Amino acid sequence: MTVEQTTPPRPQRPSWDDYFMQIAFTVAERSTCDRAHVGAVLVRDRRILATGYNGAPSGLPHCDEVGHLMIDNHCVRTLHAEQNAIIQAALHGVGTQDATAYVTHQPCLTCAKMLINAGIRRVVYAGNYPDENSRLFLSQAGIVLDHLPRIRSADSVYQPD
Ligand SMILES: [Zn+2]
Ligand SMILES: [Zn+2]
């Protein structure tokens with residue numbers, strides 16, 4: 001009797017970076033401000049610590065219910081995705097030291113500063129955002145900034161390159 005061991009063809013699996021970025025895009029679908037649908041996922045040791053998307057504070061009316069709150073051409077009703085992810089971690093007592101942040105859009109300067117002080121070590125983003133200061137701050141803080149472009153668009157402001 002011959003025993004034959006056959007190995008089934010291995011399906012194409014996404015890399016860890018692709019996997020977590022894909023999740024960030026899924027999180028972004030919960031956004032309630034259609035000026036940008038942004039999702040953020042904080043990860044350490046291949047485990048998700050927290051997620052966030054941009055929207056109004058809990059219990060307050062959302063942009064898609066009452067409209068945007070515009071100041072200087074920015075909607076100020078929402079907390080940004082990265083901010084909500086950091087706050088969610090704080091609320092549940094989850095440390096963010098040395099974590100990686102996967103974000104559908106390059107962080108703005110305020111979020112960059114918060115990511116720095118949250119102990120984030122690496123930021124992986126998909127869509128570009130024209131904010132040179134945020135790139136500068138992140139690099140000055142020694143944070144690795146990796147661009148992982150996605151064809152899929154999160155919203156009208158999303159630019160893959
Ligand atoms: Zn809005
Ligand atoms: Zn931001």
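Trainee: In which sense do strand 6 and strand 7 pair?
Mentor: In this predicted model local features need pLDDT of at least 70, side-chain atom pairs count only at pLDDT 80 or more, and totals for chains, interfaces and linings use all residues. Residues are numbered from 1 along each chain as its sequence is written, while chains are lettered from A and ligands numbered from 1 in the order in which they are written. Strands (E, at least two residues) and helices (H or I, at least four) are DSSP runs numbered from the N terminus, and two strands pair if DSSP finds at least two bridges between them. Strand 6 and strand 7 (residues 144-147) are joined over four bridges, and the sense of their pairing is parallel.

Trainee: Which residue of strand 7 stands opposite Y125?
Mentor: Along this pair of strands, V124 has D146 as its bridge partner in strand 7. For Y125, the residue standing opposite in strand 7 is H147.

Trainee: Which helix makes a β-α-β unit with strand 6 and strand 7, and which with strand 5 and strand 6?
Mentor: Both units are right-handed, in that, with the strands pointing away from the viewer, the path from the first strand over the helix to the second runs clockwise. Strand 6 and strand 7 form their unit with helix 5 (residues 132-140). For strand 5 and strand 6, the helix is helix 4 (residues 109-117).

Trainee: Why is strand 6 largely enclosed by the rest of the structure?
Mentor: A residue is buried if 20 or more other C-beta atoms lie within 10 Å of its own, exposed if 12 or fewer, and partly exposed in between, with C-beta atoms placed from the backbone. Strand 6 covers residues 122-127, and it is largely enclosed because the buried ones among its six residues number five.

Trainee: Which strands stand at the edges of the sheet?
Mentor: The open sheet has five strands in the order 2-1-5-6-7, with mixed pairing. Each edge strand has a single partner strand, so one side of it is left without a neighbour in the sheet; the two are strand 2 and strand 7.

Trainee: How many bridges join strand 1 to strand 2?
Mentor: Within this pair, V41 stands opposite T51 in strand 2. The two strands run antiparallel, and the bridges joining them number six.
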